[in-house]
Amino acid sequence: MANSGIFEYAPAPESRSVVDLKASYGLFVDGEFTEGSAGSFKTVNPATEEVLAEVAMGDDADVDRAVAAARRAYDQVWSRLPGRERAKYIFRIARIIQERARELAVLESLDNGKPIRESRDVDIPLAAAHFFYYAGWADKLPYANLGPDPKPLGVAGQVIPWNFPLLMLAWKVAPALACGNTVVLKPAETTPLTALLFAEICQQADLPPGVVNIVTGAGATGAAVVGHPGVDKVAFTGSTEVGRLIAKQVAGTAKKVTLELGGKAANLVFEDAPLEQAVEGIVDGIFFNQGHVCCAGSRLLVQESVAEEVVDRLRERMKTLRVGDPLDKNTDIGAINSAEQLAKIRTLSEAGEAEGATRWSPPCELPERGFFFAPTIFTGVSQAHRIAREEIFGPVLSVLTFRTPAEAVEKANNTAYGLSAGVWTDKGSRILWLAQRMRAGVVWANTFNRFDPTSPFGGYKESGYGREGGRHGLEAYLDV
Amino acid sequence: MTAQLALDEAGLRRLLHGLPPVDQVGADARAAKLGTRSIKTSAKAQALDLAVRMVDLTTLEGADTPGKVRALCAKGIRPEPDQPDCPSVAAICVYGDMVPTAKAALAGTGVKVAAVATAFPSGRAPLAVKLADTVAAVEAGADEIDMVIDRGAFLSGRYALVAEEIAAVKAACRTNGHDAHLKVILETGELATYDNVKRASWLAMLAGADFIKTSTGKVSPAATLPVTLLMLESVRDFRAQTGRQVGVKPAGGIRTAKDAIKYLVTVNETAGPDWLDPDWFRFGASSLLNDLLLQRRKLATGVYSGPDYVTVD
């Protein structure tokens, strides 16, 4: 019996009803939602281009208010609380995130375009895990090997990207609060909604007013937060371009800075690798979150002896990837976050073709509305091509080959970035040999894009400096 | 290729140890991810009916009697007496001495008779006994033989011995012009590592297996999703290299419709739709069928009917 198409997965949409979208959102300052003074902007669902809500555009005056509230909360309440009392609040936040996980997941998928299975299974559980982890540190800071009595810095100004909105918030807010700092956070312009829901969670947790302040807006708002004289610590995750501006802006001030910027990670597959799992790792490395991952494995370096086999298996695997409605539970690849980002991915992909690389995508129908891009691989890529050097930040993989381990190391490190790398081999000794030579903050062995709150994360070279996560992540928020 | 390799210990070792290794963490993660697919409404209806058609309804007890086997056959032919659109199962799986009873009960229905043979479940008997066991079942009319491999020989690296036994049983399946399909049980719960599962899969296929089957159901763990995933990848790769398609049968431990659907998703996304057919994929199970029937009713009527509305075996 012919069975082609016998098992077409019927649509399995996650319900939107769990989310209570308001028509407009204000700024969260001093424990209250307040009107912004500079008008508003729209945030859209990238999968349908529908406007989800109007969000207040914060200006200098709003940032002033927020920093003042954070300073007050720092001086009068938060820095005076013993660690175990701070921990209670942070644990409470973590539990509320878990309780409201479905709501957060649906809202994240609506605003960001990422598939619900990722927001449900990765983003939200990891965000809760970060709060749990750093809550545990709050009363143990003297034992973090950072001095006998490390002190908080004061007010932290934090600017986060659109690719993992709530998770990046958690990476920033959890250690800051655990260490006794207060926070002014600016979420990304295209994805402010889960941060605003997080503000509600802070209220629900009875967090003292002013400990967490959320000021929405665009680039200028972020610059106001970073440049504000009342901010003691700047933490930024985003593009290398903006990271440079921030480094310049804070140069010569007393502010401490951590930057987590772009990447062009190499994923190295050796001939003795577990190939089936390596193919999965390649897929996770570049197609997870539509490739909107700073540590994405966007350069596949595969040993020539198995290159053809690996690429064949990869193509077969890519045929089963499901692109479409982010709220369908069977969607693997959702929407590109914005028209602007989609244009950038298209431009770089066209450059790849123009430079002579071979482009391939599985046959897949993209929705008519919304911002979508088919999973794409380029073969025949050389180190000199733009698609091998520039961060695409989309579901586009460049495939290169190598002949010897030494050549693999040389090519992998031949980049301006250094955020992450992956190694696939059955030889434990080779994993260690490579990990010592990779100029990358994270080296994954026989896995990729695996995150855990206990593990430090951060870059070499143009991928930034400072570490987030783990014991190392405390250092960024303490005067040591 | 097959015959030559089956006789050449060194060649077999080179081939099996040259297969790409399996990373256990990665394989488990892949299986878990496939298990999160959400199969609803029309897709679920299709999946449930397909799963019913793939069931090898099994009774392998010392207490089996002709009456018990006849009852099971009746159930396999018409699982839902009041619902004529419910398909029959693929086969009834019994011990060799029950083959004549099952054969008579199933005559003319299209439901096959599968017999376990070769000193099932341990396989600890001389080859002559195993072959006699097989021939008796085949002569009695078994359409399919489920044999066990010699796990002791496999684990001690005597791959040629395992392959020769499989080839000999395969020949016995063809006694006197019969052509019984051979399912080779790897007993993956005793093979311990995923690399072993992959090697045993290739060994069985090279030696002539028509199907590779996870477990006897007498050893824990029996079928698991990651192990079945590895076997599906193996049959896919084997067909790509040799052109010959081999079936896969997870057996033991699959008790719910939800689990069965996870297996079908795994078939669909690894081996591919060519295997989504009772000729190429089976579930060895006894209690699974009733849950499939309950879910089938739930989907048709919108309410759960309860265990009194499906028949006990």
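1. Contact here means C-beta atoms, placed from the backbone, within 7 Å. Helices are DSSP runs (H or I, at least four residues), numbered from the N terminus.

2. Please keep in mind that this is a predicted model, with local features needing pLDDT of at least 70, side-chain atom pairs counting only at pLDDT 80 or more, and totals for chains, interfaces and linings using all residues. Residues are numbered from 1 along each chain as its sequence is written, while chains are lettered from A and ligands numbered from 1 in the order in which they are written.

3. Back to the helix pair: H3 (residues 24–34) and H12 (residues 225–242) of chain B pack at about 100 degrees, their axes 9 Å apart. Axes are lines fitted to C-alpha atoms, for helices over the stretch in contact, and angles run from 0 to 180 degrees between N-to-C directions. H3(B) is therefore roughly perpendicular to H12(B) (65 to 115 degrees).

4. Now the chain interface: 26 residues of chain B are in contact with 23 of chain A. On the chain B side, H3, H4 (41–53) and H13 (257–269) each supply at least two residues, and H4(B) gives the largest share, five.

5. Leaving aside neighbours within four places in sequence, the contacts of B:Ile92 include B:Leu57, B:Leu72, B:Val111 and B:Ala114.

Key
Two residues are in contact if their C-beta atoms, placed from the backbone, lie within 7 Å. Angles under 35 degrees count as roughly parallel, over 145 as roughly antiparallel, 65 to 115 as roughly perpendicular and the rest as oblique.
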